[in-house]
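This briefing is meant to be read with the sequence and the three-dimensional picture side by side. Please look over both before going on to the points below.

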Amino acid sequence: WYVNLHYGRFLAYNQFIQRHINKKAKMLSIASGRCAGELYLLEQGYNIACSDLKELKIHREVKQLFPPLRFFPLDILRHSLQEKYDAVTALSLIFTFDDNELKLFFENVSKLRFRLRSAVS
């Protein structure tokens, strides 16, 4: 499923992340959906928090299987966070935005100010 669904998209994303982001980096995934790709990274030892517009029943169920999973609701077009991150991902999201939403997205993500430059290679 992980390798073949969506033409291996999750595998490609995570291979890129594994090549370019240090496992110790504090990561935020925006628009995580069911957190499928992020769970793989979590199992590999990455420090990743997931977010999406709202928490779904599946998130509570997944937390039972993967207790370290951190998920919280976030609408990045309306809010930013006080917490700081080393890396932020938004896989399969920004193509849905128009120009104004894209500008707002990047403004709000930039407020997350990365903590460590060494997190990304």
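What follows begins with the chain as a whole and then takes up one topic at a time.

The model shown here is predicted. The protein chain has 121 residues, of which 37% count as buried, and its secondary structure comes to four helices and four strands. Read from one end of the sequence to the other, these elements follow the pattern α-β-α-β-α-β-β-α. When contacts with a separation of 6 or more are considered, 55% of them are between residues 24 or more positions apart.

**Helices H1 and H2**

- Two packed helices are described by the angle between their axes and the distance between the axes.
- For helix H1, which covers residues 9-20, and helix H2, which covers residues 36-43, the packing angle is about 40° and the axes are 10 Å apart.
- H1 and H2 are therefore oblique to each other, and H1 passes H2 in a right-handed crossing.
- On the H1 side the contact is made by Phe10, Asn14, Ile17 and Gln18, while on the H2 side it is made by Ala36, Gly37, Tyr40 and Leu41.
- Sorted by class, the residues in this contact of H1 with H2 are five nonpolar and three polar, with no charged residues.

**How H2 is covered**

- H2 is mostly covered, in that six of its eight residues are buried.
- The buried residues of H2 are Ala36, Gly37, Glu38, Leu39, Leu41 and Leu42, and Ala36, Gly37 and Leu41 also belong to the contact with H1.
- The elements that cover these buried residues of H2 include H1 and H3 as well as strand E1 (26-29) and strand E2 (47-52).
- After H2 comes Gly45, a residue with a positive phi, near 100°.

**The loop between E1 and H2**

- Most residues other than glycine have a negative phi, which is the background for the next two residues.
- Ala31 lies in the loop between E1 and H2, and its phi is positive, near 60°, although Ala31 is a residue other than glycine.
- Cys35 also lies in the loop between E1 and H2, and it too has a positive phi without being a glycine, at about 70°.
- Are these two residues buried, exposed or partly exposed? Ala31 has a relative accessible area of 27% and is therefore partly exposed, whereas Cys35 has a relative accessible area of 0% and so is buried.

**His59 and Leu69**

- His59 lies in helix H3, which covers residues 57-65, and because its relative accessibility is 1%, His59 counts as buried.
- Leaving aside residues up to four places away in sequence, His59 touches Gly33, Arg34, Cys35, Lys54, Leu69 and Phe71.
- Leu69 has its place in the loop between H3 and strand E3 (70-73), and with a relative accessible area of 6% it is buried.
- Which residues does Leu69 touch, not counting residues up to four places away in sequence? They are Leu39, Leu42, Cys50, His59, Val62 and Lys63, and of these Leu39 and Leu42 are buried residues of H2.
- Although Leu69 and Asn47 are 22 residues apart along the chain, their C-alpha atoms are separated by 9.3 Å.

**Aromatic pairs**

- The count of aromatic pairs comes to two.
- In one of them Phe97 and Phe105 form a tilted pair, with 5.7 Å centre to centre and 45° between the planes, and both of these residues are buried.
- In the other, Phe105 and Phe106 form an edge-to-face pair, with 5.0 Å centre to centre and 80° between the planes.
- Phe97, Phe105 and Phe106 form one aromatic cluster.
- How accessible are Phe105 and Phe106? Phe105 counts as buried because its relative accessibility is 4%, whereas Phe106, with a relative accessible area of 45%, is partly exposed.

Terms used: Residues are numbered from 1 along each chain as its sequence is written. This is a predicted model: local features need pLDDT of at least 70, side-chain atom pairs count only at pLDDT 80 or more; totals for chains, interfaces and linings use all residues. Side-chain values use heavy atoms; hydrogens and water are left out. Axes are lines fitted to C-alpha atoms, for helices over the stretch in contact, and angles run from 0 to 180 degrees between N-to-C directions. Helices (H or I, at least four residues) and strands (E, at least two) are DSSP runs, numbered from the N terminus. Angles under 35 degrees count as roughly parallel, over 145 as roughly antiparallel, 65 to 115 as roughly perpendicular and the rest as oblique. A crossing is left-handed if the near helix is turned anticlockwise from the far one by less than a right angle, and right-handed if clockwise. Contact means heavy atoms within 4.5 Å. Ala, Val, Leu, Ile, Met, Phe, Trp, Tyr, Cys and Pro count as nonpolar, Asp, Glu, Lys and Arg as charged, and the others, Gly among them, as polar. Buried means under 20% relative accessible area, exposed over 50%, partly exposed in between (1.4 Å probe, protein chains only). Rings of Phe, Tyr and Trp (its six-membered ring) pair if their centres lie within 6.5 Å; planes under 30 degrees apart count as stacked, over 60 as edge-to-face and the rest as tilted.
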